[in-house]
Structure formats: structure tokens, C-alpha cells
Amino acid sequence: MEKVLTQHLGTPNLWQLKTYRSLGGYQSLEKVLREYQPDEIVTMVRDAGLRGRGGAGFPTGVKWGFLPKDGRPRYLVCNGDESEPGTFKDRVLIEADPHQVLEGLIISCYAVQVRQAFIYLRGEFFLGAQRLQQAIDDAYTAGYLGTDILGTGMSLDVLVHRGAGAYICGEETGLSESLEGKRAYPRIKPPFPANIGAFGMATVVNNIETLANVRHIVERGAAWYNSIGPERNRGTRMWCVSGKVKRPGVYELPLGIPLREIIFEHAGGLCDGRTLKAVIPGGASARILTAAEAMEVDSDFDALQRAGSMGGSGGMMVLDDTVCIVQSTYILSEFYHDESS
């Protein structure tokens, strides 16, 4: 399977601008700014079938289309507050390939006509914050950010905001509250962020992995992206596999492949002599699947929903017969109680 977001991971100094450009970086941005109108990019992303990779799996292009055209300033907030237990794929992108995220963000800001973007980053991501800020500084120097980007008239500023380590900040309205300097307490919806978001303005909130996909959709087209994965579940997904497997880690795979393939082929299966007891497929807030359910379900958003769980943040935790489910759920409940109070 051809990798998309992780194709260059392992390249020395990939986080540096020089290395990223040597691999074709920022060519998609230049193409967009010189050849496309903003609405054409929104349509392209919608037609590609890209769904959010942060939790709910909502169609990205549709979400962008909710922004009202009322003349108010708009904001784009990139959600990098990766605090869901079992989830660590956004951290990989931030630390290893921040320019890929940044290029996708800039293209997205052009599409939704935003002049100010924020990247809300989990406070514990020390290396990621350093690399991301360096990438932003280098992008300003190279003319990819700031005023009159590449001489096209587009202007954009990007600010990194570091969170204070609270899980609840990952919820988009709680994130907006925190960004404004208040307690990260989720707001009642409606109104939704598209109408009343950060600082009372129209706001679109997208996950880091989601925005990183935008560069590749522009580069290779909606039809190409639409050819990966089942209907309504297009593209690849970065799965964070942890727990009782031989090879825990991040695996980029097409949406829709069987869960059993992810566990037993890519993650190496269980330790010798152990049997599968259960799987948490989409981060700790997803319903636990029994071994029988996990062996029969596919990995796309809709299939997991039909099974009574969800793809969520892509954090797949594998539990074998040595794990006490009662104790595990008690620990997770303690976490959510603590982080929500």
C-alpha cells in the first residue's frame, strides 16, 4: 500500500525546510495560489471525501462550507491537543514532518479565506512545539507565511498556542475557550464554531492529520484520493496501535481494511500463547469491542459505527487474556473524571 502522510518518515532532517522542499514540499501551495480559486479547493476537498481524523469523522469540505459569508473575520484552528489515551499519531507528524502539516494548513486557510490561524498544541509536546515553531519561522522567511505570500496577494499569520495539559481542551469548543484564556469548559451547541467560534468569530477547527491530507489532495486530485478506501470512507488513516501486540506503533493504512489485519499482520499479532480478549478501536472513549466483534469488523468510520463503536482518534488498544477489563475501564473512568473536573 502506498503511503501518503508517512511516505518520507525516516528521512534525515525531514523537519527542516530545505529537506522538505527537496521532496517537493510547498509545490502544491504554489500551484493552489496561482491556479485555483478558494471555492475550487473547497469543492476539491469535498469531492475527495476527506473526513476529519480527530474524532467524529465529519466530512471536511462540508464543514468548511458551513462558514457564513457575512464579512466577519474568520479563524482556522488546528487541533493538536492530542490527549486521547491510546492516541499518538499527530505527535509523529508534528515532530517528524511539521512542514507537511503547515502546508496543508496554509492551503486550507486559502480555501476558507482565513488570514489568522492558530495551532493549539498539547502542552507536553516539547519537541513538537520546537520543531513546529521552527517550521513556522522558516516559512515566514521563505515567503510562505506573512503578507503577500509568494506575490499572490494572500496574507496569513499562524500562531502556536500551547495547552496546559487538560484532556478536555481537545473538544473544539473547550479548545476555543482555552485559546481565549478562559477555563477549557465546552460550550453548549448551537451555536456551532462555524458561526460563533474562537473570539466570537466564524471558526473552522480541523485536526492535524486532517490538514496534512489537504496538500496531497491538491497535488494528486480528488479522483485519486477517492480511489482509496470504501465509499464515504476515503483515504488512508494513521492508526496508533498499542497494548498487547508485538509491534506497537503508528501504521498508515487505507480506511476499510479489517481490524484483524491491522492487529495480526501490521502490528505483529499477540505475544505467543495469548488470545485476544477485546479491542478499543478509536481511542479510550470508544466502546470496547469483544474479540468476536473485532475479528469481523472493518476499520472505516461507518463499519465501526455499525458495530456500536467508533473510529474516533485512531487510537487502537489491543487487550489479551491477561488484561482485566474491569480494572482497565476503572482506570479510564478515573482519567476522564479527573480530566473533566
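**Notes on the model**

1. Glu209 counts as buried, with a relative accessibility of 0%. Arg53 is buried too, at 0% relative accessibility. Buried stands for under 20% relative accessible area, exposed for over 50%, and partly exposed for the range in between (1.4 Å probe, protein chains only).

2. On the basis of these values: this is a predicted model, in which local features need pLDDT of at least 70 and side-chain atom pairs count only at pLDDT 80 or more, while totals for chains, interfaces and linings use all residues. Residues are numbered from 1 along each chain as its sequence is written, and side-chain values use heavy atoms, with hydrogens and water left out.

3. Glu209 and Arg53 form a salt bridge, with 4.0 Å between the closest N and O atoms. The two residues belong to distant parts of the chain, 156 residues apart: Glu209 sits in helix 9 (residues 208-220), and Arg53 in the loop between helix 3 (38-48) and helix 4 (60-65). A salt bridge here is a side-chain nitrogen of Lys or Arg within 4 Å of a carboxyl oxygen of Asp or Glu. Helices (H or I, at least four residues) and strands (E, at least two) are DSSP runs, numbered from the N terminus.

4. The whole structure holds 20 salt bridges. One of them joins the side chains of Lys189 and Glu171, at 3.6 Å from N to O. Lys189 lies in the loop between helix 8 (172-179) and strand 4 (202-207), and Glu171 in the loop between strand 3 (157-162) and helix 8, 18 residues apart. Lys189 is partly exposed, at 33% relative accessible area; Glu171 is also partly exposed, at 26%.

5. A further salt bridge connects Arg187 and Glu177, with an N to O distance of 2.6 Å. Arg187 is in the loop between helix 8 and strand 4, whereas Glu177 is in helix 8, 10 residues apart. Arg187 counts as partly exposed at 24% relative accessibility, while Glu177 counts as buried at 13%. Elsewhere, salt bridges with shared partners join Arg53, Lys89, Asp90 and Glu209 into one network.

6. The largest pocket contains about 930 Å³ of space. A pocket is an open set of points on a 1 Å grid over the protein atoms alone, where a 1.4 Å probe fits and protein lies on both sides within 12 Å along at least five of seven lines; lining residues have an atom within 4 Å of a point. Grid points are joined across faces, edges and corners, and the volume is the space filled by probe spheres set on them.

7. Which residues lie nearest the centre of the largest pocket? They are Gly54, Gly55, Ala56, Gly170 and Glu172, out of 40 lining residues. Strand 4 gives the largest share of the lining, 5 residues; helix 4, helix 5 (89-96) and strand 4 each supply at least two. The lining divides into 12 nonpolar, 18 polar and 10 charged residues.

8. Strand 7 (residues 276-280) has 4 of its 5 residues buried, so it is largely enclosed by the rest of the structure. Strand 7 runs antiparallel to strand 9 (residues 315-320), with 4 bridges between them, and Leu276 stands opposite Asp320 in strand 9. Strand 7 is also antiparallel to strand 8 (residues 289-290), through 2 bridges; there Ala278 stands opposite Thr290. Strands pair if DSSP finds at least two bridges between them.

How values were computed
Nonpolar A, V, L, I, M, F, W, Y, C, P; charged D, E, K, R; others polar.
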